[in-house]
Amino acid sequence: MDALLPATCDAITYARAYTERLGWPVAPGHRYRPRRGCTCGVPECPTPGAHPPARWTVATRADELPEEEFGQPGVGVIAPALGFGAVTLPRAIGMMAMVSIDRRMRAPCLVGPDSVTLLVQPGTASVLGSVSAATVLTGAGEWLALPPSHGMRWDTPPWDERTGHPLALPHGHSLVRDVREAVRIGSGE
Ligand SMILES: [Zn+2]
């Protein structure tokens with residue numbers, strides 16, 4: 001596969017990259033429709049397109065991806081927290097944590113309209129659950145909307161942008177200090 005993703009917001013291309021490169025199961029989410037809102041029908045949906053429908057089935061291999069659904073305009077790409085663990089922070093605090101983490105390592109993270117999400121090794125996110133303001137996602141029951149879902153973008157993608165090889169995910173423990181410090185400064189404690 002090409003190292004670089006084509007300059008596209010194509011959900012199927014991303015879904016393939018997630019399953020093929022990283023082995024992450026993914027599913028189609030709701031759809032974001034300009035001026036008509038989210039297909040969930042909630043007029044003020046806070047995350048248009050970037051959340052799963054009531055019933056959703058994940059594909060674990062690229063050849064299982066429902067191409068037609070992923071081909072719909074504005075469709076979200078949803079991943080259960082199986083191939084990774086995640087910790088979501090309010091945007092300003094998350095940005096601060098990202099800056100200090102960036103000095104030491106390249107840790108995959110994504111930015112949403114109000115939040116920053118840091119990815120860690122599967123099963124290691126719960127150590128961050130003790131940090132106030134942090135929301136931990138871990139296991140099959142939790143999910144994350146991935147780019148190109150509406151409003152979501154990679155700050156550091158989970159693969160090397162030159163080679164396409166997956167980046168190593170950090171252990172949750174290795175981020176605790178940065179996240180605590182960012183929360184402390186961000187909340188003026
Ligand atoms: Zn919605």
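Visitor: Which elements do the buried residues of H3 pack against?

Guide: This is a predicted model. The buried residues of helix H3 pack against S3, strand S4 (109-111), S5, strand S7 (153-156) and helix H4 (176-186).

Visitor: Which residues of H3 are buried?

Guide: An α-helix has 3.6 residues a turn, so residues three or four places apart point the same way. In H3, the buried residues are Ile93, Gly94, Met96, Ala97, Met98 and Ile101.

Visitor: Turning to strand S3, how many of its 16 residues are buried?

Guide: In a regular strand the side chains alternate between the two faces of the sheet. For S3 (residues 75-90), 14 of the 16 residues are buried, and the strand is mostly covered.

Visitor: In which sense do S3 and S6 pair, and over how many bridges?

Guide: S3 and strand S6 (residues 135-146) are antiparallel, with 8 bridges. Within this pairing, Ala79 stands opposite Leu144 in S6.

Visitor: How many bridges do S3 and S5 have, and what is the bridge partner of Gly85 in S5?

Guide: S3 pairs with strand S5 (residues 115-120) over 6 bridges, again in the antiparallel sense. The partner of Gly85 is Val120.

Visitor: How many bridges join S1 to S3?

Guide: Strand S1 (residues 27-33) runs antiparallel to S3 and is joined to S3 by 3 bridges. Ala27 stands opposite Ile78 in S3.

Note on methods: Residues are numbered from 1 along each chain as its sequence is written. This is a predicted model: local features need pLDDT of at least 70, side-chain atom pairs count only at pLDDT 80 or more; totals for chains, interfaces and linings use all residues. A residue is buried if 20 or more other C-beta atoms lie within 10 Å of its own, exposed if 12 or fewer, and partly exposed in between; C-beta atoms are placed from the backbone. Helices (H or I, at least four residues) and strands (E, at least two) are DSSP runs, numbered from the N terminus. Two strands pair if DSSP finds at least two bridges between them. Two residues are in contact if their C-beta atoms, placed from the backbone, lie within 7 Å.
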